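Hi,

Here is the structure I promised to pass on.

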Amino acid sequence: MSEPILRAEALGKNFGGLAAVRDVSLDLSPKQIHAVIGPNGAGKTTLINLLSGDLTPTTGRVFFRGIEIEGHALDRIARLGVARAYQRTNIFAGFSVFENCRLAAQARRQPGIRLFRPALAYRDINDAAGRAMALAGVESRATDRASDLSHGEQRQLELAMALATEPQVLLLDEPLAGMGPEEASRIAALIARLGADLAILLVEHDMDAVFNIAATITVMVDGAVLASGTPQAIRADAAVQAAYLGEAA
Amino acid sequence: MSARLRPALLGLGLIVLIALPLVAGKFGLDLAARIMIMAIFAMSLDLLVGFAGMVSLGHAAFFGVGAYALYLLSPQYGAASLLVSLPVAIAAAALAALVIGLLVLRSSGVYFIMVTLAFGEMFYYYATGARWLGGSDGAYVYQRPSAGPVDLGQGHAFYYLVLIALAATYALLRVILRAPFGHALRGIRSNEHRMRSLGFAAPRYKLLAFVIAGALAGLAGYFDAAQFGVVNPELFGWRLSGSVLMMVILGGMGTLDGAIIGAAVLVLLENFLGDLTTHWLLPMGLFIVAAVLLLPQGLTDPAALWRAMRERSRV
């Protein structure tokens, strides 16, 4: 196994008296899809928030390519190449689909302040936005307002924006939720393809998709890691079956 | 406004302003200059309010810094050098905005409004007590600045310099709003958290917008002091901050043309209502209430104007 690109070491997050995440360690390897599953309230989204910098961990550390991320500034982590797609769609509702993706591409390619050349004259940014829209399947809606998209399409846009930042690490929080079955399988296939180039952390409730595309699965219950391993190992794990898969099956 | 109509109207407005000295008398030109100065001020605030989503109630602080800079740079009974005093006034306002911006940009929303208001009032109260600034009575700028053959006290030099400043301000803001910077500002206004999560260092963008807006407000204040030949603490005060915010809202936030129109409408109303009645604030207030109710998008939104008229005619 190659050197992990993103590593969480004994991460913990308390909200008041509630320990939402407890002592979670996790390695994300390049070109691999690492799924995190678990019942509602298991702390999956909180874990993503800790890795993306949306939240600052109470305990534990995060390393990017072996270097500790200190301060956990959201924008700094993003500039390192860690992109995030939110579970609750978090887009620029009043802007066009293209502008949503263009801003994301601008964040990657021109993170400094550029005052004079027109934004639309940056061809490379436009192209990166276009590629991301095409990948996520929203290019036909490029000129529409993001708020006019259906819920499922907004989920695709959310993914397109993450892709437009050309990340090395992709944190996906239930990317398939709210999509029609056809789109869901298309996006699942896309995620599987992206996994050939990127390190992906996938939180998802669609178990078929997870077991199909993930190389590693971590099961969380009550904020802590219950088990971690290959899909086969997880499927065979008695504790996992008792705690989680059993309910769904 | 439609894509074709706007450049046509802008060009027409520019031609009218260039030709105005041929037909208008002193009163008309002074009034036009006043409108243009307030338009520069309103556009500077619109950069913050309309594009970056930062509602400042202390923007007059920078206007006042520009005005007082001219006073301080003018020899007692002589004229300041235009080439020195103008850039220094702008730089002083920019510096003030940088320092205040570093402090106020830690807050947002209602808190931002209150904190900017508080800073404006600090400047106001400081100026009322500071003898070197003329105290609460203010001080005179006896002569308008000049530079070689250009004397702002002579002929139409002042009027045309203000016109050039207006055009330059408009052009500058258009350029930066079309650049990645302007797109990022709109993104921050729409969803700052998401901008940060995409990798934008949002605080830096906001600070730069605050400094640019402060510098341009200083430019307007400089011309204000030059036009009236007097500075006083009111130039820092919340009343002026409030009226310029009103101009921006009236014209339609987030459109530079709107800021110009809002400035024109408010200055004209102030002038003519002030002539008609000493209680001019009452009809002024009524007008503003009506405008906000009927045209929530501002006076530059003709579609809304049309809708409002149609609904009226149906009643």
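**Where the two chains meet**

In this predicted model, 33 residues of chain A are in contact with 26 residues of chain B, contact meaning heavy atoms within 4.5 Å. About 2500 Å² is buried between chain A and chain B, with 62% of it on carbon and sulfur atoms; buried area here is the accessible area (1.4 Å probe) that two parts lose on being put together, summed over both. On the chain A side, Phe92(A), Ile113(A) and Leu115(A) lose the most area to chain B, together 22% of what that side buries.

Some housekeeping before the details: residues are numbered from 1 along each chain as its sequence is written, and chains are lettered from A and ligands numbered from 1 in the order in which they are written. Local features need pLDDT of at least 70, side-chain atom pairs count only at pLDDT 80 or more, and totals for chains, interfaces and linings use all residues, while side-chain values use heavy atoms, with hydrogens and water left out.

Now the polar side of that interface. There are 18 residue pairs in polar contact across it, both residues at pLDDT 80 or more. (A polar contact is a pair of N or O atoms within 3.5 Å; within protein, one must be able to donate a hydrogen and the other to accept it, and residues adjacent in sequence count only if both atoms are side-chain atoms.) Helix 2 (74–80), helix 3 (97–109) and helix 5 (151–164) of chain A each supply at least two residues of the side of chain A that touches chain B. Helix 3 of chain A gives the most, with six residues. Helices here are DSSP runs (H or I, at least four residues), numbered from the N terminus.

**Salt bridges**

The rule finds two salt bridges across the interface of chain A and chain B, a salt bridge being a side-chain nitrogen of Lys or Arg within 4 Å of a carboxyl oxygen of Asp or Glu. Glu158(A) pairs up with Arg194(B) in a salt bridge, with the closest N and O atoms 2.8 Å apart. Arg196(B) forms a salt bridge with Asp75(A), where the closest N and O atoms are 2.9 Å apart. That pair crosses between chains, running from helix 7 of chain B to helix 2 of chain A. Arg196(B) is partly exposed at 25% relative accessible area, whereas Asp75(A) is buried at 8%. (Buried means under 20% relative accessible area, exposed over 50%, and partly exposed in between, with a 1.4 Å probe and protein chains only.)

Over all chains, the structure holds 19 salt bridges. Within chain B, Asp257(B) and Arg6(B) meet in one at 3.1 Å, N to O. This pair links distant parts of the chain, 251 residues apart: Asp257(B) is in helix 10 (residues 256–276) and Arg6(B) in helix 1 (residues 5–23) of chain B. Asp257(B) is buried, with a relative accessible area of 8%, and Arg6(B) is partly exposed, with 26%. Over in chain A, salt bridges that share partners join Arg109(A), Asp124(A), Arg131(A) and Glu166(A) into one network.

**Aromatic rings**

There are 14 aromatic pairs over all chains. (Rings of Phe, Tyr and Trp, the last by its six-membered ring, pair if their centres lie within 6.5 Å; planes under 30 degrees apart count as stacked, over 60 as edge-to-face and the rest as tilted.) Phe112(B) and Phe210(B) are edge-to-face because their planes sit at 80°, with the ring centres 6.3 Å apart. The two are 98 residues apart, with Phe112(B) in helix 5 (residues 110–129) and Phe210(B) in helix 8 (residues 202–228) of chain B. Phe112(B) is buried at 3% relative accessible area, and Phe210(B) counts as buried at 1%. Ring pairs link Phe62(B), Phe112(B) and Phe210(B) into a cluster.

What about Phe181(B) and Tyr205(B): stacked or edge-to-face? Their planes are at 15° and their centres 5.9 Å apart, so the pair is stacked. Phe181(B) is in helix 7 (residues 180–198) and Tyr205(B) in helix 8 of chain B, 24 residues apart. Phe181(B) is buried, with a relative accessible area of 1%, and Tyr205(B) is buried too, at 2%.

Cheers
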